[in-house]
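Subject: Structure handover

Hello,

Here is the structure for your set. My notes on what turned up follow below it.

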Amino acid sequence: MILLDGKKASNDIKNEIKAEVDKMIAKGEKVPHLAAVIVGDDGASLTYVGSKVRACERVGFESTMVRLPHTTSEVELLHKIEALNENDDIDGFIIQLPLPPQINTQRVLMAVDPSKDVDGFHPENFGKMALDMSTFIPATPFGILELLERYDVDTKGKHTVVIGRSHIVGRPMSILMSRKGWPGNSTVTLTHSNTKNITQITSQADIIISALGVPNFLKAEMVKDDAVIIDVGITRVEDESHPKGYVITGDVDFENVSKKASFITPVPGGVGPMTIAMLLKNTLLAREQRRG
């Protein structure tokens, strides 16, 4: 069993990005600038955005955090997005989700300039991805592709089962794993909450990508020997024996499934670190496109 170490791979990617930024600085060019918009005081969102800002500092990007109160109206947020769209100093920006209930998330994401949509959520970018055109790939699926590539995982002709159909992970992964090229060229089954006989399906899979958000959902009896396991799930599970009072758990029963897998991602330290690394990579791509 080989551990797909997202922490190591993400550090390697950040070092590669920093080398590119150093070249820009040496040539007197503008460095990439990433902005993040956060509405409200959700603790997890603040932590996540803070880690993105620190990652920007590490690779030499400029970063801006736009904090708005939870009472912000949809119109006020749309005005802020319009200002970011028109600001030539900003190469890419993200809208941290979830948004408060008074704001229509889809309307907000549609308002982002596709050329600055480094999250890859705008329909124009999603459509380009589905058509195999060059575009911003959503950061988590992009990170999974990068892990498969860096660990030389064979995907050609393999049966990939994706668990979960979210627009952020499950659905884009099902498209990307079936695309021509590598990683890709696999036969994909997309499963979800209404799928019947899911164990029968997963037990035939060469590659399983689970993005369900149900702790320890994928058991050893649901997996065949030498399967590749990508665990996107990340859930806080109460544990009084732990100093923090909780543990971070993935969708996969790691202890037992890892004994059968050929490759597997840990949680934490697998897909999670890759998401931020690929957001930085998308921002670098946005800067290069705007420069071009």
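Domain bounds here come from an automatic or database domain assignment. That assignment gives domain 1 (27–113) and domain 2 (139–273). Their centres, taken over C-alpha atoms, are 29 Å apart.

Some ground rules. This is a predicted model, where local features need pLDDT of at least 70, side-chain atom pairs count only at pLDDT 80 or more, and totals for chains, interfaces and linings use all residues. Residues are numbered from 1 along each chain as its sequence is written, and side-chain values use heavy atoms, with hydrogens and water left out.

**Annotation**

UniProt positions are in the numbering used here, feature names are shortened, and annotations may be inferred rather than shown by experiment. The unreviewed UniProt entry annotates residues 138–289 as "domain: Tetrahydrofolate dehydrogenase/cyclohydrolase NAD(P)-binding". Over that stretch, 138–289, the chain is 32% helix and 18% strand. Its end C-alpha atoms are 17 Å apart. Helices (H or I, at least four residues) and strands (E, at least two) are DSSP runs, numbered from the N terminus.

The unreviewed entry also places a "binding site" feature at Gly164, Arg165, Ser166 and Ile234. Gly164 sits in the loop between β5 (159–163) and α7. Is Gly164 buried or exposed? Gly164 is buried, at 5% relative accessible area. The cut-offs: buried is under 20%, exposed is over 50%, partly exposed is in between (1.4 Å probe, protein chains only).

Gly143, in helix α6, is buried at 0% relative accessibility. Gly143 and Lys244 are 101 residues apart in sequence and 28 Å apart in space, C-alpha to C-alpha.

**Core**

A nonpolar core is a set of buried Ala, Val, Leu, Ile, Met, Phe, Trp, Tyr and Cys residues joined through side-chain atoms within 4.5 Å. The largest one has 49 residues. Ile17, Phe61, Ile144, Met173, Ile209, Ile230 and Val232 touch the most other members. Elements that each supply at least two residues of this core include α1 (6–26), β2 (33–39), α6 (139–150) and α10 (271–291). Helix α10 gives the most, with nine residues. Domain 1 (27–113) and domain 2 (139–273) each contribute at least three residues to this core.

**Salt bridges**

The structure holds 16 salt bridges. The criterion is a side-chain nitrogen of Lys or Arg within 4 Å of a carboxyl oxygen of Asp or Glu.

- Arg150 pairs with Glu16, with closest N and O atoms 2.8 Å apart. This pair links distant parts of the chain: Arg150 is in helix α6 and Glu16 in helix α1, 134 residues apart. Arg150 is partly exposed at 33%, and Glu16 is partly exposed at 39%.
- Glu20 and Lys23 meet at 3.5 Å, N to O. Both lie in helix α1, three residues apart, about one turn of the helix.
- Asp206 pairs with Lys224, with closest N and O atoms 2.7 Å apart. Asp206 is in the loop between α8 (198–202) and β7, and Lys224 is in the loop between β7 and β8, 18 residues apart.
- Lys30, Asp88, Asp89, Asp91, Arg287 and Arg290 are linked in a network of salt bridges.

**Surface**

Met1, Leu3 and Phe254 make a nonpolar surface patch of about 270 Å². Patch residues have over 30% relative accessible area and no salt bridge; like charges are joined within 9 Å, nonpolar side chains (Val, Leu, Ile, Met, Phe, Trp, Tyr) within 5 Å. Areas come from the Shrake-Rupley method with a 1.4 Å probe; for residues, only the protein chains shown count as cover. Met1 is in the segment before β1 (2–3). Met1 counts as exposed, at 54% relative accessibility.

Best regards
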